[in-house]
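This report reviews selected side-chain contacts and surface features of one protein chain. Please keep the sequence and the structure in view while reading.

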Amino acid sequence: MSIVWQYFPFYIILVLLIQLVPVRINIFFVRENIDDFVTIRFNTLYSLLRYSVEIPLLQQKTPLDLTMEAELKAGQDMHVAEKKKAFSLLDLDWDVIRKYLDYFKNNKRIFSFLARFYTRAMTVEKLVLKVRAGVDDAALTGMISGFYWIVTGFFTSLARQWLHLKEQPVFGLSPDFSPEPVFAIRLDTVVSFRIGHFTVMGFLLLLTKIRGGRT
């Protein structure tokens, strides 16, 4: 027992140092009309631990139905799990959704605090958004282009105020005058936190749970 107390300060220092380790999250999203591809990669302990969730296929057959294939990998190639699921908005359990909405409503102060805390804590290391869109009407395509640059300019202004930008966001737009309407998105972003930021969130959520789900 004396050995434990002897090394106790080193344990505390080690735990505090771990809280400073960065966690990088890379989100890569591609949308071609109604088909999507999403990859979310987690990287921490200076690339010693790496996980990725790939959704190679998200097909929308009808406006209310989606088919999703998700794959979880550890490191570069080690396969962990794979899941395929078809779901519809008509099959949603609205009672469960209502319970979650009530939970967020009852705890809106703590979630509002977490939102402000993480916008300040998050560092945006990379943000690249490229869009290809348009219709056969040149005037309407021009209006779409103008609206895109207005939205991205407004977003960039807000991001500079609320987020830590390591690099300036990169936006691009390619007008397309095809006979059929075209809409394609390519998003590649990397954000980073500290492990301590997630520790704070876990502690606050646990405190909320102990207090009966209310703040």
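## Basis of the model

The structure is a predicted model, and side-chain atom pairs are counted only at pLDDT 80 or more.

## Nonpolar patch

Trp5, Tyr7, Phe8, Phe10, Tyr11, Ile12 and Leu16 together make a nonpolar surface patch of about 780 Å². One of these residues, Tyr11, lies in helix α1, which comprises residues 2–19. Tyr11 has a relative accessible area of 44% and is therefore classed as partly exposed, since that class lies between the 20% limit for buried and the 50% limit for exposed residues.

## Aromatic pairs

A pair of aromatic rings is described by the distance of the centres and the angle of the planes. In this model, the count of aromatic pairs comes to 8. One of them joins Phe104 and Phe111, whose ring centres are 4.6 Å apart and whose planes form an angle of 50°, a tilted arrangement. Both partners are partly exposed: Phe104 has a relative accessibility of 41%, and Phe111 has a relative accessibility of 24%.

Phe193 and Phe198 form an edge-to-face pair, with 5.5 Å between centres and 70° between planes. The angle counts as edge-to-face because it is over 60 degrees. Here Phe193 is buried at 11% relative accessible area, whereas Phe198 is partly exposed at 32%. Phe193 and Phe198 also belong to a cluster linked by ring pairs, together with Phe113, Phe117 and Tyr118.

## Helix α5

Helix α5 runs through residues 195–210 and contains 16 residues.

Which residues of α5 are buried? They are Gly196, His197, Leu204 and Thr208. These residues lie on the same side of α5, because they cover an arc of only 120° around the axis. The face turned away from this buried side carries the exposed residues Phe203, Leu206, Lys209 and Ile210.

## Salt bridges

Side chains of opposite charge can pair when their charged atoms come close. The search of the whole structure finds 4 salt bridges. Among them is the one between Arg24 and Glu125, with an N to O distance of 3.0 Å. This pair links distant parts of the chain, as Arg24 is in strand β1 (residues 22–32) and Glu125 is in strand β6 (residues 123–134), 101 residues apart. Arg24 is partly exposed at 32% relative accessibility, while Glu125 is buried at 14%.

Strand β6 also contains Lys126, whose partner Asp188 is in strand β9 (residues 182–194), 62 residues apart, so that this pair too links distant parts of the chain. The closest N and O atoms of Asp188 and Lys126 are 2.8 Å apart. Asp188 counts as buried at 19% relative accessibility, because the limit for that class is under 20%. Lys126 is partly exposed at 31%.

A further salt bridge joins Asp95 and Arg98, with 2.8 Å from N to O. Both residues lie in helix α2 (residues 94–106), 3 residues apart, about one turn of the helix. Asp95 is partly exposed at 48% relative accessibility, and Arg98 is partly exposed at 45%.

Definitions and conventions. Residues numbered from 1 in each chain as written. Heavy atoms only, no water. Patch = residues over 30% accessible without salt bridge, like charges linked within 9 Å, V, L, I, M, F, W, Y side chains within 5 Å. Areas by Shrake-Rupley, 256 points an atom, 1.4 Å probe, with all protein chains shown as cover. Salt bridge = Lys/Arg side-chain N within 4 Å of Asp/Glu carboxyl O. Helix = DSSP H or I, 4+ residues; strand = E, 2+ residues; numbered from the N terminus. Buried < 20%, exposed > 50% of the residue type's maximum accessible area, 1.4 Å probe, protein only. Phe/Tyr/Trp six-rings, centres within 6.5 Å; stacked < 30°, edge-to-face > 60°. Expected span 1.5 Å × (residues − 1). Arc of directions from axis to C-beta.
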